[in-house]
Amino acid sequence: MSDIIRLLPDSVANQIAAGEVIQRPASVVKELVENAIDAGAHHVDVLVTDAGKTCIQVIDDGKGMSDTDARMAFERHATSKIREASDLFALHTMGFRGEALASIAAVAQVELRTCTDDAQLGTSITISGSKVEKQEPIACPKGSNFAVKNLFFNVPARRKFLKSNQTELSNILTEFERIALVNPDVSFTLHHNGTEMLNLPAIQLRQRIMGVFGKKLNQELLSLDVQTTMVKLHGFIGRPETARKKGARQFFFVNGRYMRHPYFHKAVADAYENLIPAGEQVSYFIYFEVDPANIDVNIHPTKTEIKFENEQAIWQILSAAVKETLGRFNAVPSIDFDTEGMPDIPAFENSPYSLVQPPKTSYDPSYNPFNTGGSYTPRRHTDWEPLFQGLEKEHSGSSQDGGEPFVEEPLPEQEFEASPTLYDAHPEEKPLEKATQHYQYKGCYILTSVKSGLMIIDQQRAHIRILYDQYMTQMENRQHVSQRMLFPDMVHFASSEIPVLESIMDDLSALGFDLSSLGGGTYAINGVPAGIEGLNPETLITNMVQTAIEKGCKVKEEIQSTLALALAKAAAIVPGQVLTNEEMNNLVDGLFAVSTPNYTPDGKSVLAVLKEEDLEKLFK
């Protein structure tokens with residue numbers, strides 16, 4: 001039997017490694033910018049063409065490389081940071097495995113120009129698909145200039161699975177933001193197709209965060225700073241009142257490296273328990289400093305998942321630090337009920353208010369509320385007459401035939417027994433005919449008879465269900481009307497969110513939104529869909545962009561559904577609103593004309609049926 005196991009060629013082995021390290025253009029940006037930081041750069045320029053598919057160029061003013069180092073840097077496992085295995089546990093820098101440049105060169109055409117500070121000439125090297133095509137001395141500035149062209153040119157299957165330019169650019173900006181947030185002492189610029197998207201000067205950390213995410217974030221953040229022998233924590237956490245359902249900026253960094261850590265995220269979330277509504281989150285930027293020997297950053301190819309030796313203890317320190325910060329800035333509401341030792345001071349004794357007497361009331365002891373005969377009219381004290389008039393006006397409405405206003409009063413018991421059996425017991429079926437009478441309970445529920453018993457309809461949810469379908473039809477037919485704003489609102493987006501916003505801008509315009517860019521990630525909201533009075537346009541647009549990020553850029557239907565539901569909730573009748581019988585008829589008819597009358601668009605029950613046998617059991 002012949003031998004069948006053989007060593008892979010270096011070019012194939014490099015392509016396999018590239019599949020783990022270089023997943024998309026954003027991976028190239030991450031590796032090259034981190035290398036620039038490790039080289040001691042004070043300024044880094046990133047120039048991207050066609051979302052990195054055509055070219056990614058990273059220029060830094062770091063220490064550069066000699067001609068020999070420039071050639072060796074593209075070999076697998078060539079690194080300046082490790083001499084022996086123990087060095088893996090004492091690393092403070094970014095890339096260290098020596099895979100990044102070899103992986104990039106395996107799947108792209110790479111040109112490097114680099115020069116050290118003490119050299120008169122630099123070196124230029126060109127590599128394509130792991131093959132060195134040219135190396136020669138050149139005159140160039142100190143530092144390194146990498147140009148990565150035609151990514152995955154020799155792996156068509158990988159290139160085919162790249163996403164749209166908007167998505168890939170958003171991924172690049174996300175990686176760029178993470179590096180910028182942990183290196184505020186380094187200045188950065190990023191250009192896409194010749195347009196500057198970010199320009200971040202070297203600055204303090206808080207200002208760097210605002211430079212990336214907007215100045216408005218400054219008022220939302222509380223400073224966190226705790227030092228223990230096990231871990232040092234510093235950074236910022238959001239005030240509870242700034243919690244939101246989508247779009248919270250949440251970042252963990254350890255020893256200058258971005259990381260994901262669901263376990264530590266729970267420590268922060270638990271500290272906000274009972275301070276923010278369920279399902280909402282706050283922003284945070286928390287930086288960990290630990291002994292490198294106590295963490296393992298080599299458990300994932302992209303090094304974003306990190307293992308801590310003392311995770312449970314650090315969890316407790318983190319949770320306590322967040323709670324202490326919230327308490328120190330009075331972000332936690334507190335009420336002191338401790339009255340021990342307090343003097344007993346009568347609140348109104350010898351005060352001018354002690355002369356105030358309670359109002360006197362009068363009543364008729366002969367009044368019988370069950371006596372409906374005759375023309376008896378209960379007496380009212382003249383001092384309370386305006387109050388009763390106000391209540392009548394507040395709770396009155398138009399009668400069915402447009403006559404005098406009426407006040408909702410308890411209906412005689414016999415009227416509830418005369419309702420005919422009209423509706424089928426299955427709520428999904430359409431009513432058989434119009435009712436002769438509906439009954440409203442406490443201004444919230446409509447009661448009507450069906451074949452199997454008593455149907456109870458939540459009037460607000462029924463109206464939301466009806467309006468939602470109407471708004472969806474209007475949007476699909478592009479019939480929605482835009483309403484100009486007298487004073488435009490401003491909304492700010494992070495650089496990584498702007499490509500997604502631009503990709504859905506046509507859909508937003510079709511819905512009635514009118515946005516114009518003011519530069520720097522800030523947009524003016526000049527027009528909004530008519531009928532969203534009471535809603536915050538900034539929050540609405542921000543949530544739509546976050547939905548597009550979560551579900552991909554082609555989310556027109558999702559955006560339409562979100563807006564239609566928001567509009568329906570804003571325009572629906574409120575609990576406690578008194579309806580005439582004609583209005584109740586129209587509401588019930590409209591509900592059973594929609595395709596799914598049982599539930600609101602967000603899954604809440606609209607109606608329930610109390611079966612006849614259950615009613616009979618109540619009186620046995």
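**Reading the terms in this structure**

Q: Where is Ala 564 found?
A: Ala 564 is found in helix 15, residues 556-571. Helices (H or I, at least four residues) and strands (E, at least two) are DSSP runs, numbered from the N terminus. The model is a predicted one, in which local features need pLDDT of at least 70, side-chain atom pairs count only at pLDDT 80 or more, and totals for chains, interfaces and linings use all residues. Residues are numbered from 1 along each chain as its sequence is written, and side-chain values use heavy atoms, with hydrogens and water left out.

Q: Why is Ala 564 called buried?
A: Buried means under 20% relative accessible area, exposed over 50%, and partly exposed in between (1.4 Å probe, protein chains only). Ala 564 has a relative accessibility of 0%, and therefore counts as buried.

Q: What does Ala 564 contact, leaving aside its neighbours within four places in sequence?
A: Contact means heavy atoms within 4.5 Å. On that basis, Ala 564 is in contact with Tyr 468, Tyr 471, Met 472 and Met 475. Met 475 is 89 residues from Ala 564 along the chain, and their C-alpha atoms are separated by 8.4 Å.

Q: Why does Arg 159 count as partly exposed?
A: The relative accessibility of Arg 159 is 32%, so it counts as partly exposed. Arg 159 has its place in helix 5, residues 156-160. Among the residues it touches, not counting those up to four places away in sequence, is Lys 53.

Q: What makes the pair of Arg 249 and Glu 497 a salt bridge?
A: A salt bridge is a side-chain nitrogen of Lys or Arg within 4 Å of a carboxyl oxygen of Asp or Glu. The side chains of Arg 249 and Glu 497 meet at 2.5 Å, N to O. Arg 249 lies in the loop between strand 10 and strand 11, and Glu 497 in the loop between strand 21 (482-492) and helix 12 (498-503), so the pair ties together parts that are 248 residues apart in sequence. Both Arg 249 and Glu 497 are buried.

Q: What makes the pair of Arg 465 and Asp 469 a salt bridge?
A: The closest N and O atoms of Arg 465 and Asp 469 are 2.7 Å apart. Arg 465 and Asp 469 both lie in helix 11 (residues 459-476), 4 residues apart, which is about one turn of the helix. An α-helix has 3.6 residues a turn, so residues three or four places apart point the same way. Arg 465 counts as buried because its relative accessibility is 7%.

Q: How many salt bridges does a search of the whole structure find?
A: The search finds 15 salt bridges. One of them joins Glu 220 and Arg 244, with the closest N and O atoms 3.0 Å apart.

Q: Why is Glu 220 called buried, whereas Arg 244 is called partly exposed?
A: Glu 220 counts as buried because its relative accessibility is 12%. Arg 244 has a relative accessible area of 24%, so it is partly exposed.

Q: Which pLDDT values describe the protein chain?
A: pLDDT is the predictor's confidence in each residue, from 0 to 100. Its mean over the protein chain is 80, and 75% of the residues reach 70 or more. Over residues 374-432, the pLDDT is below 50.
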